There are 4 protein chains.
Amino acid sequence: MRGRGAYPVWREIATRWADNDAYGHVNNVVHYSWFDTAVNAWLIENGLLDVTHGDPIGLVVETGCLYAGSLAYPEPVEIGLGVERLGGSSVTYRLGVFARGAAEAAAEGLFTHVYVGRESRRPVPLPEAWRAKLETIKLGGRDG
Amino acid sequence: MRGRGAYPVWREIATRWADNDAYGHVNNVVHYSWFDTAVNAWLIENGLLDVTHGDPIGLVVETGCLYAGSLAYPEPVEIGLGVERLGGSSVTYRLGVFARGAAEAAAEGLFTHVYVGRESRRPVPLPEAWRAKLETIKLGGRDG
Amino acid sequence: MRGRGAYPVWREIATRWADNDAYGHVNNVVHYSWFDTAVNAWLIENGLLDVTHGDPIGLVVETGCLYAGSLAYPEPVEIGLGVERLGGSSVTYRLGVFARGAAEAAAEGLFTHVYVGRESRRPVPLPEAWRAKLETIKLGGRDG
Amino acid sequence: MRGRGAYPVWREIATRWADNDAYGHVNNVVHYSWFDTAVNAWLIENGLLDVTHGDPIGLVVETGCLYAGSLAYPEPVEIGLGVERLGGSSVTYRLGVFARGAAEAAAEGLFTHVYVGRESRRPVPLPEAWRAKLETIKLGGRDG
């Protein structure tokens, strides 16, 4: 799995009591809620995503995650984020999940949006302003 | 706590693996997701609630729950629902949570909506069509 | 609702994309996941709660929340926490939910644990070490 | 994506209000909570999984999902489940997510458990009783 150096964008997220499952560790589902959270927060904070009125909108078409280590509430996690691939209408992000301060990733995920017209729900080209911003967070080389 | 006889409306909901917390029982938070689910489903299925375009809309102003017994995935739960109080702009529901087939409630909750204009966000009188339907699911006498 | 001055303990929690519901605001259920998170984190970080081996264990017997304003991802929330009442076997916490930097609470909750033996599941007196620590975070006077 | 005929095991799961996100459709994260729910319920109901005492235990090492259509509360979903691959210590399940009564899958996922000793947390051979049961739900040929 990629190390911390691969990721240009970072976000710390508090774990929650309910994130731990019956085995006392963060449930595998929760990682995906962090992916959603990290990707959309970056898009909103960079002025790209407007949930209520934006057009086009991103539909999630594929997600995946590899799990290498366990995490547990109440420790926060640090999510590294970068763009893996920019397609004509799509963006694939790679995300690394790290315990706070840990060198090794506890999990690594992929997350792909396809952009569609708000009304048509048909794929549209990624707007240039998006493409330019997304280029700035392309993943570095594999370092892990 | 009220018994089954108190509730005019019923809904079965599957529990999920993630509902169980580190103690191996359904976490206290999950009950509220069932309350939301039971109330809104009844409103939608009776033609009252239109999430996208409806006006007025219900804002949740108060919720509460008493817990008497534990529940655990994979057992489904049965949610009993009835109207406790119809105010000028508000509706308070009472909800009973029962393990499938159990006579005694495992939990009992209250859930209050205030109706406001979609734009104004100010309280408005409950529409007559709503009031008429909601009257039909008034709670029976206390039987438990 | 109580203002910030009432609460002796604070915890910031990141909101998540999935916290927002179909109306674009944090769903009423999510507040309870923050209550759980704030209470148990304080207990763990103060050396009182050991989820795996601890005895006695706290069962949640009552929760409730009043909602005064809306919150939305991606803004973080700040949770104020204090002890409202210390009983023989029980602890009731009061929690205030604030948008980051906001003077007024967006919601206020109550959360009651009863302590029971891990095996017996019968109420037991709150251990003295717990009582002493919990006394230190008693709620201040009502200031809001 | 595979059609209904591919899946030997089925489970209906109620959607919940909180499953819908700010776009009014079930959030991509929720599908994974259904996968967990369907896999573990089958294991428990077939006498294989004992969450509290069982040894070995299954660790989730990889999950993934392709999304083809949207789903929305309050409609229930039907989850098809089958074993895609039985390894020495691992089991990979394939899952299909269908709106109630729909012929076409709205999503399709993969979910891999590796079995480890409860104490050692090292991979162990899948017990014969498990292997025999899991063979009975091998996926049929691709039909979709």
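This is a predicted model: local features need pLDDT of at least 70, side-chain atom pairs count only at pLDDT 80 or more; totals for chains, interfaces and linings use all residues.
1. At 3% relative accessibility, C:Cys65 counts as buried, and its sulfur lies 13 Å from the closest cysteine sulfur, that of B:Cys65, which is too far for a bond. A disulfide would require the two sulfur atoms to be within 2.5 Å, and the structure holds 0 disulfides over all chains.

2. The contact between chain C and chain A draws 20 residues from chain C and 20 residues from chain A. The area buried between these two chains is about 1600 Å², with carbon and sulfur atoms giving 58% of that figure. Across this interface there are 2 salt bridges by the rule applied, one of them being the pairing of the side chains of A:Arg16 and C:Asp19 at 2.8 Å, N to O. The polar contacts between chain C and chain A come to 10 residue pairs, with both residues at pLDDT 80 or more.

3. On the side of chain C that touches chain A, strand 1 (9-13) and helix 1 (30-45) of chain C each supply at least two residues. Helix 1 of chain C makes the largest share of that side, with 9 residues. Sorted by class, the side of chain C that touches chain A has 10 nonpolar, 4 polar and 6 charged residues.

4. For the interface of chain A and chain D, 22 residues of chain A are in contact with 22 residues of chain D. About 1800 Å² is buried between chain A and chain D, and carbon and sulfur atoms account for 54% of this area. The count of salt bridges between chain A and chain D is 0, whereas 13 residue pairs across this interface are in polar contact, both residues being at pLDDT 80 or more.

5. The side of chain A that touches chain D receives at least two residues from each of helix 1 (30-45) and strand 2 (57-67) of chain A. The largest share, 8 residues, comes from strand 2 of chain A, and the residues of this side divide into 12 nonpolar, 6 polar and 4 charged.

6. Where in chain C is C:Leu49 placed? The residue sits in the loop between helix 1 and strand 2 (57-67) of chain C, and at 12% relative accessibility C:Leu49 counts as buried. Leaving aside neighbours within four places in sequence, C:Leu49 is in contact with C:Asn40, C:Leu43, C:Ile44 and C:Trp130, and also with B:Tyr23. The C-alpha atoms of C:Leu49 and C:Tyr115, which are 66 residues apart along the chain, are separated by 11 Å.

7. Over all chains, the salt-bridge count by this rule comes to 36. Among them is the pair formed in chain B by the side chains of B:Arg94 and B:Glu108, at 2.6 Å, N to O. The pair links distant parts of the chain, with B:Arg94 in strand 4 (residues 90-99) and B:Glu108 in strand 5 (residues 107-116) of chain B, 14 residues apart. B:Arg94 counts as buried at 12% relative accessibility, and B:Glu108 is buried as well, with a relative accessible area of 6%.

8. In chain C, the side chains of C:Arg100 and C:Glu12 meet in a salt bridge at 3.4 Å, N to O. Because C:Arg100 lies in the loop between strand 4 (90-99) and strand 5 (107-116) of chain C and C:Glu12 in strand 1 of that chain, the pair ties together parts that are 88 residues apart in sequence. C:Arg100 counts as partly exposed at 49% relative accessibility, and C:Glu12 is partly exposed with a relative accessible area of 42%.

9. A further salt bridge in chain C joins the side chains of C:Arg94 and C:Glu84 at 2.6 Å, N to O. C:Arg94 lies in strand 4 of chain C and C:Glu84 in strand 3 (residues 77-86) of chain C, so this pair ties together parts that are 10 residues apart in sequence. C:Arg94 is buried, with a relative accessible area of 11%, while C:Glu84 counts as partly exposed at 32% relative accessibility. In chain A, salt bridges that share partners join A:Arg2, A:Glu84, A:Arg94 and A:Glu108 into one network.

Note on methods. Residues are numbered from 1 along each chain as its sequence is written. Chains are lettered from A and ligands numbered from 1 in the order in which they are written. Side-chain values use heavy atoms; hydrogens and water are left out. Buried means under 20% relative accessible area, exposed over 50%, partly exposed in between (1.4 Å probe, protein chains only). Contact means heavy atoms within 4.5 Å. Buried area is the accessible area (1.4 Å probe) that two parts lose on being put together, summed over both. A salt bridge is a side-chain nitrogen of Lys or Arg within 4 Å of a carboxyl oxygen of Asp or Glu. A polar contact is a pair of N or O atoms within 3.5 Å; within protein, one must be able to donate a hydrogen and the other to accept it, and residues adjacent in sequence count only if both atoms are side-chain atoms. Helices (H or I, at least four residues) and strands (E, at least two) are DSSP runs, numbered from the N terminus. Ala, Val, Leu, Ile, Met, Phe, Trp, Tyr, Cys and Pro count as nonpolar, Asp, Glu, Lys and Arg as charged, and the others, Gly among them, as polar.
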